[in-house]
Amino acid sequence: MCGILGVVGQSPVNQLLYDGLQVLQHRGQDAAGIVTANGKTFHMHKGSGMVRDVFRTRNMRSLLGNAGIAHVRYPTAGSASCLAEAQPFYVNSPFGLVLAHNGNLTNTDELKADMFRHDLRHINTNSDSEVLLNVFAHELAQRVKGPELTVDAVFGAVGAVHRRVRGAYAVVAMIAGYGLVAFRDPNGIRPLVMGSTEVSGRAEYMFASESVALDCSGFTLLRDVQPGECVYVTFDGDMHSQVCAEHTRLTPCLFEYVYFARPDSVIDGVSVYQSRLNMGEMLAEKIRRDLPGLEIDVVIPIPDSSRQSALQLANAMGLPYREGFIKNRYIGRTFIMPGQAVRKKSVRQKLNPVPLEFTGRNVLLVDDSIVRGTTSKEIVQMARDSGAKRVYFASAAPAVRFPNVYGIDMPTRAELLATGRDEQDIAREIGADAVIYQDLEALKDAVRSVNPELSLFESSCFDGQYITGDITEAYLDAIECARLDLKLKDGSEQMIDLNLNVAEQNLM
């Protein structure tokens with residue numbers, strides 16, 4: 001999972017992009033990058049780490065221009081520590097292009113081979129985002145007749161990308177001297193919203209992974225970029241849009257609502273906050289229906305993303321809601337930290353129990369999901385060490401049994417706690433007296449009730465149904481073998497500063 005931003009403004013946008021990235025920091029902490037466009041020149045700075053660590057005043061001063069794109073990285077393809085895979089990416093032809101991408105391509109190897117053999121383009125990293133950029137660049141070059149870029153050429157190139165590329169992708173890109181392009185895959189798996197504001201009577205536009213980035217930057221949410229749609233905004237502020245894919249359907253990723261998105265975001269017409277309240281209501285219904293004799297004294301969330309679900313569950317069941325764990329906000333999120341040893345070590349550094357809320361009580365812990373179970377097991381033990389009599393564990397999401405191939409770094413099937421285990425087995429594995437999972441249809445209803453127009457969802461990590469239709473057992477075996485063989489490289493503290501000067505003759 002990554003976070004992307006794109007802005008076309010009437011004044012310098014470097015601060016807007018920086019502030020927007022900080023709001024989207026929860027979507028990736030491994031690397032960050034910004035590219036601005038100033039006339040016929042791109043200015044880039046990117047590096048490993050969090051936004052506040054990557055950018056200094058001297059870097060911000062060099063990011064000149066009234067338009068730009070930005071990215072925070074959470075690696076799902078390639079290496080977490082490889083600085084060369086930090087985004088945005090750049091190619092110099094045609095015109096000069098930069099691109100930032102959220103998602104994951106499922107036919108990367110095929111595309112790489114085509115790039116080398118037929119399109120005569122070189123891919124320098126293992127990042128599928130660089131592959132996507134080169135596909136877009138090649139298709140755009142095929143449609144440019146003469147020295148000028150047309151709107152039809154942009155839409156035609158994006159349409160060709162949709163025909164060639166499979167998987168999940170939400171994209172912001174810039175074409176030097178012309179404008180910003182934003183587009184979304186034909187299934188609308190990864191989110192992308194657009195907003196606007198007015199400065200001195202002229203419109204400014206922002207695109208972002210989540211609406212919260214618009215809110216915090218003073219932009220008004222207009223709508224979501226539609227599946228298969230391309231929105232092209234020239235640097236003069238003229239906006240054009242067109243659905244460029246032949247077959248589209250909206251199938252947003254369910255895990256966005258469960259975990260990744262901020263609760264104050266609205267994605268595909270759904271308030272994430274309201275959907276999580278609904279998840280708690282659904283969990284309460286399941287407990288009353290299936291476990292009516294469960295004796296619960298208090299409901300305690302695992303901060304932060306389960307708070308809304310836990311609160312509504314407690315209200316629906318007439319139980320006290322308490323904050324039993326205090327979170328150290330200066331420790332990285334364990335879910336997106338590579339390496340099981342690091343993850344296990346960090347849990348107790350990250351959460352500290354309040355014994356007063358546990359001593360002598362039967363507690364129901366509520367989390368957004370259970371993936372590997374390592375964190376859950378540690379938390380259950382903390383509750384017991386703090387004096388809890390019984391510890392029940394509820395998940396606002398169904399059991400995660402399958403890898404996610406569309407941009408969430410789910411582990412291999414062998415690493416997933418729920419693989420080959422029922423709820424009783426899982427309870428024994430994490431040391432809980434009982435485990436309660438959300439039902440998949442209930443989760444869908446929790447989201448769909450906020451926006452009844454949503455009929456389909458991407459829910460492969462729960463049900464193993466991959467909506468792009470190209471995921472086979474052999475494919476899953478291959479990506480799992482690659483994951484197990486991957487050796488993280490050193491040198492993650494490096495930075496890259498580039499001024500990418502575009503040849504003027506390409507822009508005339």
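The model is a predicted one. Its largest nonpolar core has 53 residues, and this core lies between domain 1 (3–249) and domain 2 (272–327 + 347–458), because both give residues to it. Elsewhere, helices α9 and α14 cross with their axes within 8 Å.

**Nonpolar cores**

- In the largest nonpolar core, of 53 residues, Phe255, Leu364 and Phe462 have the most contacts inside it.
- Helix α8 (residues 254–260) gives the most to this core, contributing six residues.
- Leaving out residues up to four places away in sequence, Leu364 touches Ile287, Ile296, Val298, Val299, Ile300, Leu313, Tyr392, Phe393, Ala394 and Ile436.
- Another core, of 35 residues, lies apart from the largest one; Leu99, Ile175, Tyr232 and Cys244 are among its members.

**Helices α9 and α14**

- The axes of helix α9 (residues 272–290) and helix α14 (residues 440–448) cross at roughly 140°, and the crossing is right-handed.
- On the α9 side, the contact is made by Ser275, Asn278, Met279 and Met282; on the α14 side, by Ala442, Leu443, Asp445, Ala446 and Val447.

**Helix α1**

- Within helix α1 (residues 14–23), the buried residues are Asn14, Leu17, Tyr18, Gly20, Leu21 and Val23.
- These buried residues pack against three strands, β1 (3–8), β2 (31–38) and β4 (67–73), and against the helices α2 (51–54), α3 (57–62) and α7 (211–215).

**The loop between β20 and α13**

- Pro398 belongs to the loop between β20 (390–395) and α13 (423–430).
- Pro398 counts as buried because its relative accessibility is 7%, and buried means under 20%.
- Apart from neighbours within four places in sequence, Pro398 is in contact with Tyr437, Gln438, Asp439, Leu440, Leu443 and Phe462.
- Pro398 and Leu443 are 45 residues apart in sequence, and their C-alpha atoms are 7.8 Å apart in space; Leu443 also takes part in the contact of α14 with α9.
- Asp409 is likewise placed in the loop between β20 and α13, but this residue is partly exposed, with a relative accessible area of 24%.
- Asp409 and Tyr74 are 335 residues apart along the chain, with 8.3 Å between their C-alpha atoms.

Terms used:
Residues are numbered from 1 along each chain as its sequence is written. This is a predicted model: local features need pLDDT of at least 70, side-chain atom pairs count only at pLDDT 80 or more; totals for chains, interfaces and linings use all residues. Side-chain values use heavy atoms; hydrogens and water are left out. Axes are lines fitted to C-alpha atoms, for helices over the stretch in contact, and angles run from 0 to 180 degrees between N-to-C directions. Helices (H or I, at least four residues) and strands (E, at least two) are DSSP runs, numbered from the N terminus. A crossing is left-handed if the near helix is turned anticlockwise from the far one by less than a right angle, and right-handed if clockwise. Contact means heavy atoms within 4.5 Å. A nonpolar core is a set of buried Ala, Val, Leu, Ile, Met, Phe, Trp, Tyr and Cys residues joined through side-chain atoms within 4.5 Å. Buried means under 20% relative accessible area, exposed over 50%, partly exposed in between (1.4 Å probe, protein chains only). Domain bounds come from an automatic or database domain assignment.
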